[in-house]
Amino acid sequence: MSRVYNFSAGPAVLPEEVLQEAADEMMDYRGCGMSVMEMSHRSKVYDNIIKEAEQDLRDLMKIPDNYKVLFLQGGASQQFAAVPMNLMKNRKAGYIVTGQWAKKAYQEAKLYGEAIELASSADKTFSYIPDCSDLDIPEDLDYVYICENNTIYGTKYQTLPNTKGKLLVADVSSCFLSEPVDVTKYGVIYGGVQKNIGPAGVVIVIIREDLITDDVLPGTPTMLKYKTQADNDSLYNTPPCYGIYICGKVFKWLKKMGGLEVMKQRNIEKAKILYDFLDESKLFHGTVRKEDRSLMNVPFVTGNDELDAKFVKEAKEAGFENLKGHRSVGGMRASIYNAMPKEGVEKLVAFMKKFEEENA
Ligand SMILES: *Cc1c(COP(=O)(O)O)cnc(C)c1O
């Protein structure tokens with residue numbers, strides 16, 4: 001078996017221990033005589049799997065009792081519609097546009113009501129997080145929406161925006177479980193799991209209970225109503241069973257690693273190796289304002305498209321996969337999620353040093 005260092009932005013690297021465990025249980029899940037893929041989502045065995053996954057997530061994030069945890073399908077992108085459909089009581093919401101995912105959510109919200117751009121970093125190709133300490137927030141806004149970690153551009157909010165008492169909704173797809181969060185600061189936290197938690201096909205929504213009501217926009221599909229999903233403990237219809245099972249294993253792995261405070265320290269340490277090199281390199285440089293750097297997604301360039309392409313190609317040959325930047329921005333991007341070992345980042349930096357010498 002030979003595994004590469006996979007720097008993909010998503011679907012992304014998973015802990016080897018988790019993959020191995022899943023492999024061991026593939027044909028016969030703990031004496032059931034069948035795979036988790038093959039069992040009824042209404043069975044006792046599966047009920048344990050999903051309940052334990054939820055409990056482990058609650059433990060990791062210290063999710064208060066007045067928040068529901070939903071395991072849904074449709075990806076993060078479906079939440080771009082579900083959020084306004086469920087929460088736009090006044091049909092007015094504020095969006096902070098810090099990249100493509102925030103922009104897509106903002107545009108989707110316009111289908112359902114008045115979406116206001118409260119701030120944007122489009123003027124400098126989303127290379128920073130705007131100052132959100134004193135935004136002009138209309139009295140009748142239903143919520144303020146952010147994309148907390150910008151997967152494509154590599155920025156992250158270091159402090160949450162001052163919403164002036166309005167509900168905060170956050171897409172945390174690419175920073176989910178990368179560090180501790182204070183759940184009580186949010187009305188809704190959601191994310192696709194394929195970045196930092198599990199296989200594509202699951203989106204996790206953590207939502208304050210009082211926001212789960214029948215008072216949704218007319219025409220909201222039954223499946224997109226949070227109440228439908230909450231009333232049925234994510235089992236209104238067949239959930240993404242196997243994906244949830246893998247997420248559960250990753251939660252257990254995170255607990256074993258020591259929890260989110262430990263992961264945060266590891267992630268800081270890992271990212272520092274790469275950022276320190278980018279800061280001193282004469283060939284490579286980071287593209288993001290230093291204060292706003294993401295611990296998860298690290299974009300960088302040489303400033304020369306041909307050299308970038310050469311780097312990506314040679315890196316791949318050396319066992320460093322998926323370093324090409326997003327198709328919309330070019331350059332390179334190393335996604336260094338929880339499951340990327342420190343050694344992977346160290347080896348990448350060593351490879352970058354060598355490339356720099358050879359191409360000076
Ligand atoms: C990847 C990503 C999305 C899109 O996720 P899908 O599950 O493909 O819809 C949305 N938001 C962020 C921050 C992402 O990183």
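**Figure 1. Domain 1 and domain 2 in the predicted model.** The protein is divided into two parts: domain 1 covers residues 17–257, and domain 2 covers residues 258–359. Taken over C-alpha atoms, the domain centres lie 27 Å apart. At the interface, 28 residues of domain 1 contact 28 residues of domain 2. Together the two domains bury about 2200 Å². Carbon and sulfur atoms account for 55% of that area.

**Figure 2. Helix H1 against helix H6.** H1 spans residues 16–24, and H6 spans residues 241–257. Their axes come within 10 Å and cross at roughly 135°. Angles over 145 degrees count as roughly antiparallel. H1 and H6 are therefore classed as oblique to each other. H1 passes H6 in a right-handed crossing. H1 contributes Glu-17, Val-18, Glu-21 and Ala-22 to the contact. From H6 come Tyr-242, Tyr-245, Ile-246, Lys-249, Val-250, Trp-253 and Lys-256. By class, this contact holds 7 nonpolar and 4 charged residues, with no polar ones.

**Figure 3. Helix H3 against helix H4.** H3 runs over residues 75–87 and H4 over residues 100–109. The two axes come within 9 Å, crossing at roughly 40°. Only angles under 35 degrees count as roughly parallel. H3 and H4 are therefore oblique to each other. Their crossing is right-handed. On the H3 side, the contact residues are Ser-77, Phe-80, Ala-81 and Pro-84. They meet Trp-101, Lys-104, Ala-105, Glu-108 and Ala-109 of H4. The contact of H3 with H4 has 6 nonpolar residues, 1 polar residue and 2 charged residues.

**Figure 4. Helix H7 against helix H9.** H7 is formed by residues 260–280, and H9 by residues 342–358. The helices pack at an angle of about 10°, with their axes 8 Å apart. Angles under 35 degrees count as roughly parallel. H7 and H9 therefore fall into the roughly parallel class. H7 makes the contact through Glu-269, Lys-270, Ile-273, Leu-274, Phe-277, Leu-278 and Glu-280. H9 answers with Lys-342, Val-345, Glu-346, Leu-348, Val-349, Met-352, Lys-353 and Glu-356. The residues of this contact divide into 8 nonpolar and 7 charged, with no polar ones.

How values were computed:
Residues are numbered from 1 along each chain as its sequence is written. This is a predicted model: local features need pLDDT of at least 70, side-chain atom pairs count only at pLDDT 80 or more; totals for chains, interfaces and linings use all residues. Side-chain values use heavy atoms; hydrogens and water are left out. Axes are lines fitted to C-alpha atoms, for helices over the stretch in contact, and angles run from 0 to 180 degrees between N-to-C directions. Helices (H or I, at least four residues) and strands (E, at least two) are DSSP runs, numbered from the N terminus. Angles under 35 degrees count as roughly parallel, over 145 as roughly antiparallel, 65 to 115 as roughly perpendicular and the rest as oblique. A crossing is left-handed if the near helix is turned anticlockwise from the far one by less than a right angle, and right-handed if clockwise. Contact means heavy atoms within 4.5 Å. Ala, Val, Leu, Ile, Met, Phe, Trp, Tyr, Cys and Pro count as nonpolar, Asp, Glu, Lys and Arg as charged, and the others, Gly among them, as polar. Domain bounds come from an automatic or database domain assignment. Buried area is the accessible area (1.4 Å probe) that two parts lose on being put together, summed over both.
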